[in-house]
Amino acid sequence: MTPVGVAVVGAGAWGRNHVRTLDQLPEAELRWICDSDPAVVERFRRLNPSSRVTTDLADVLADDDVSAVVIASPAPTHARLATTVLEADRHVLVEKPLALDTHEADALVELARGRDRVLMVGHVLAYHPGLEALADRLRDGELGDVRYLYAQRLNLGRVRREESALWSLGSHDVSALLQLVGRAPERVSAHGRAFLAPEVEDVVFVHLEFPGGVIGHVHLSWLDPHKVRRLTLVGSRKMAVLDDMETTEKLRIYDRGVDRPEGWDSYGEAISLRFGDIVIPRLDMAEPLRLECRHFLECVRSGQPPRTDGREGAAVVRILAAAERSLREGGIPQVLETRQP
């Protein structure tokens, strides 16, 4: 198997993980590392002598052996850089969020389709073995119908200046909720506060209303005493918790719920609470970023659409943009056109 020639654009806090992962994958040939910061470039010149380093994207795109590019630069640059890469007929993996504007996100989807290039978004939680196992059990009917679900992504730092906690942290959990519910929300509202910098919210609470009465909630903050990466799903039959801060027992299935008699009308008929077993499924754990990068390379070779393709990325941007509007309007719910992610 001939390795895919790939470049990483943006090798800072998160991009360095792409550099490390791609450099270790036999399916990839890491040909270029590109970053606008000369100090970052110099560091990788020492650490990755087999890869070429540059501050200029044009150097990367002048290399005909580069088939794919990973963009892990700051979020405000994603749309511009992805456009340049797609117009150069390269496949591209864009870190979350795909863009900070719905029109830019939709334009990238159309550009990739017109150029017949792979456009993938780095919603790495979608490649977490625990989330995949949870989605499988939901599809198999073990948990019943989704009633509500909520996600928490909290920590103290890293404080951003380019985008709020909504845009910096929210993509992962919104993408996960879309995957589990299987459809886009009808209404989105959000509340938050910017304590450290004007209009850069450090804490955000997002509420999503899905068709069929399903509700979702996302709590995002980099100003919190706890580091939390947790998703809870309450189904009509069972409940589940995916806790990524657990070392080994990341997914738990709770046989808990409320049993109602057939024809229950709430007037005097007894209901019973069920406290059954807690099952901890065995997961074949692997680093989600490694799984994500391997999936991208396979899509480049095969031409198949990625699981987190441009359409899914644009759907997430649409929801985050609606939440942003709600933030600016004091939490007023925003109505979304119902689309499949």
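This is a predicted model: local features need pLDDT of at least 70, side-chain atom pairs count only at pLDDT 80 or more; totals for chains, interfaces and linings use all residues.

**Loops, helices and pairs**

Visitor: Is Glu 199 buried or exposed?
Guide: Buried means under 20% relative accessible area, exposed over 50%, and partly exposed in between (1.4 Å probe, protein chains only). Glu 199 has a relative accessible area of 60%, so it counts as exposed.

Visitor: What is phi of Glu 199?
Guide: Most residues other than glycine have a negative phi. Glu 199 is a residue other than glycine with a positive value, and its phi is near 60 degrees.

Visitor: What is phi of Asp 89, and where is its place?
Guide: Asp 89 is a partly exposed residue, at 37% relative accessibility. Its phi is positive, near 65 degrees. Its place is in the loop between α4 (78-87) and β5.

Visitor: Which residue does a cis peptide bond join to Pro 97?
Guide: Most peptide bonds are trans. Pro 97 sits in the loop between β5 and α5. The cis bond has omega of about -15 degrees, and the partner of Pro 97 is Lys 96.

Visitor: Which residues does Pro 97 touch beyond four places in sequence?
Guide: Pro 97 is buried, at 1% relative accessibility. Contact means heavy atoms within 4.5 Å. By that rule Pro 97 touches Ala 75, His 78, Trp 167 and Ser 171.

Visitor: What is omega for the cis peptide bond of Gly 157 and Arg 158?
Guide: Arg 158 is in the loop between β7 and α7. The cis bond joins Gly 157 to Arg 158, with omega of about -5 degrees.

Visitor: Which residues is His 172 in contact with, neighbours within four places aside?
Guide: His 172 lies in helix α7 (residues 165-181). With a relative accessible area of 10%, His 172 is buried. Its contacts are Lys 96, Gly 122, His 123, Val 124, Leu 125 and Arg 153.

Visitor: At what angle do the axes of α1 and α8 cross?
Guide: Axes are lines fitted to C-alpha atoms, for helices over the stretch in contact, with angles from 0 to 180 degrees between N-to-C directions. The axes of α1 and α8 come within 10 Å, and they cross at roughly 60 degrees.

Visitor: Which residues of α8 does α1 meet?
Guide: On the α1 side, Asn 17, His 18, Arg 20, Thr 21, Leu 22 and Gln 24 take part. On the α8 side are Leu 289, Arg 290, Glu 292, Cys 293 and Leu 297.

Visitor: Which elements are among those covering the buried residues of α1?
Guide: Buried residues in helix α1 (residues 15-24) include Gly 15, Asn 17 and His 18. The cover includes β1 (4-9), β2 (28-34), α2 (38-47), β4 (68-71), β5 (91-95) and α8 (288-302).

Visitor: How many disulfides does the search find?
Guide: A disulfide is a pair of cysteine sulfur atoms within 2.5 Å. The search of the whole structure gives 0.

Visitor: How far is the nearest cysteine sulfur from Cys 34?
Guide: Cys 34 counts as buried, at 4% relative accessibility. Cys 34 is in no disulfide; the nearest cysteine sulfur belongs to Cys 293, at 17 Å.

Visitor: How many aromatic pairs are there?
Guide: Rings of Phe, Tyr and Trp (its six-membered ring) pair if their centres lie within 6.5 Å; planes under 30 degrees apart count as stacked, over 60 as edge-to-face, the rest as tilted. By this rule the count is 1.

Visitor: Which residues form the stacked aromatic pair?
Guide: The centres are 6.4 Å apart, with 15 degrees between the planes. The pair is Tyr 148 and Tyr 150.

Key:
Residues are numbered from 1 along each chain as its sequence is written. Side-chain values use heavy atoms; hydrogens and water are left out. Helices (H or I, at least four residues) and strands (E, at least two) are DSSP runs, numbered from the N terminus.
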